[in-house]
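Open the model in your viewer and keep the sequence panel beside it.

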Amino acid sequence: MAWHNSTSQFFTLGNGTRQGGVLSPWFFARYLRELLSSVVGAGAGCNIGGLTINVLAYADDIVLIAPSWRGLQRLIDVVAAQSVTINMEVNVCKTVCMVFNPRSRSKIVSQSFSALHLGSQSLQYVPNFKYLGHKLMDTNMDDADIQREITNMFIRTNLLLRKFSKCSVNVKTVLFKSYCLCLYDASLWKCFNAGTLAKLRSCYNRCIKLFFGYKRRDSMTNVFLQLCLPTFDTVLINSAATFHCQWTLCQNRIVRHLCLLGY
C-alpha cells in the first residue's frame, strides 16, 4: 500500500475488502471494467445531443438505457454473458425495468411490452423505482420523490424531538440543519404538481415549529428570524446553486452534457 512517498510491506487479502473500505470502489471499478466496455460497445443506446449513452454505473448500481425493447434486451444479454466471464451473479429480484413513454401520445408505440429476460429469468416492469435515493417514476414526474422527502422529514424531526428535546436552541439549530436540510435531490426536481411542493413547504415549517417548541399559529417570519434558519424557498435555491456549481466543476464530459440539455 502506498501513502504519499511511503510504501508499506506487501500483504495479501484473502477475502476482499470490508464494506466502506477506501479500496472497495477502486477494486470494483476495475472488476467491472470489461463488462462496462462490452456494454458501451454493444451498439445500442440513446442518442442524447450527439452522444450515445447506454449505461450509467455508480458502484454496483447499474442502469442500462435503450430506445427500444430489442435494444435493451441486447444490452441485458451482454451483461448476462459478461457476468459469467467475471464470475459475477446478477440479483434478478432487485433488477427491474421501466418504460418512459414519449411526451407526444402520437409517438407511443405500445402500452405494454413482452417481458425482458436475464438469462432464463424474466424481469419485472415497475411504475416507479428508487435509484441512489431518488424515486423515479415512469411518468417523468417528481411528485413521488417529493412525497418521500415529506415522509423522511417528519421521521427525522420526530427522532430529533425524542432524543434532543431538552437541548439548547443553539444545539437544536445545528441538529436541524444537519438532519433536516439535506434536500440534496431537490435540484433534480423538474416536473411536479404545485400542490405537492406546497405540502413539502408546509411540512418544513411544521417540523421547525414542532422541534423548537413554537405554537401552530406563530408567525413563520419571526421564527426564521429568531432561529436564523433559511426559509423553504431559500433551501431550494441553495440546493440548485450548489448543484450548478458542482456540475460546472465536474470533469465528466457526459455528466456536463446531460446537465446542459436539462436531463
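Is Tyr 204 buried or exposed? Tyr 204 is buried, because its relative accessible area is 1%. Here buried means under 20% relative accessible area, exposed means over 50%, and partly exposed lies in between, with a 1.4 Å probe and protein chains only.

Two notes before we go on. Residues are numbered from 1 along each chain as its sequence is written, and side-chain values use heavy atoms, with hydrogens and water left out. The model is predicted: local features need pLDDT of at least 70 and side-chain atom pairs count only at pLDDT 80 or more, while totals for chains, interfaces and linings use all residues.

**Stop 1: the whole protein**

The protein has nine helices and twelve strands. These are DSSP runs, numbered from the N terminus: helices are H or I with at least four residues, strands are E with at least two. The C-alpha atoms fill a box of roughly 65 × 60 × 35 Å along the principal axes. The radius of gyration is 23 Å, whereas a compact globule of 263 residues would have one near 18 Å. That radius is taken over C-alpha atoms, and the globule rule is 2.2 Å times the number of residues to the power 0.38. Buried residues make up 29% of the 263 residues.

**Stop 2: the aromatic rings**

Select Tyr 204 and Phe 232. They form a tilted aromatic pair, 5.9 Å centre to centre with 50 degrees between the planes. Rings of Phe, Tyr and Trp (its six-membered ring) pair if their centres lie within 6.5 Å; planes under 30 degrees apart count as stacked, over 60 as edge-to-face and the rest as tilted. This pair links distant parts of the chain: Tyr 204 is in helix 6 (residues 194–212) and Phe 232 is in helix 8, 28 residues apart. Phe 232 is buried too, at a relative accessible area of 2%.

With Tyr 204 and Phe 232 they form one aromatic cluster. The structure holds six aromatic pairs.

Next, show Lys 172. Its charged end sits over the ring of Phe 211, 5.3 Å from the ring centre. The rule asks for NZ of Lys or CZ of Arg within 6 Å of the ring centre and within 35 degrees of the ring normal.

**Stop 3: a hairpin**

The strands pair in the antiparallel sense over four bridges; pairing needs at least two bridges found by DSSP. Tyr 131 has His 134 in strand 12 as its bridge partner. The hairpin has two residues between its strands, and Leu 132 takes a positive phi near 55 degrees. Most residues other than glycine have a negative phi. Leu 132 counts as partly exposed, because its relative accessibility is 38%.

**Stop 4: the cysteines**

Select Cys 228. It lies in the loop between helix 7 (220–227) and helix 8 (232–249). Cys 228 counts as exposed, at 59% relative accessibility.

How many disulfides are there? The count comes to zero, where a disulfide is a pair of cysteine sulfur atoms within 2.5 Å. Cys 228 is in none: the nearest cysteine sulfur, that of Cys 180, is 17 Å away. End at Cys 93. Its closest cysteine sulfur, in Cys 97, is 14 Å away, too far for a bond. Cys 93 counts as exposed, at 75% relative accessibility.
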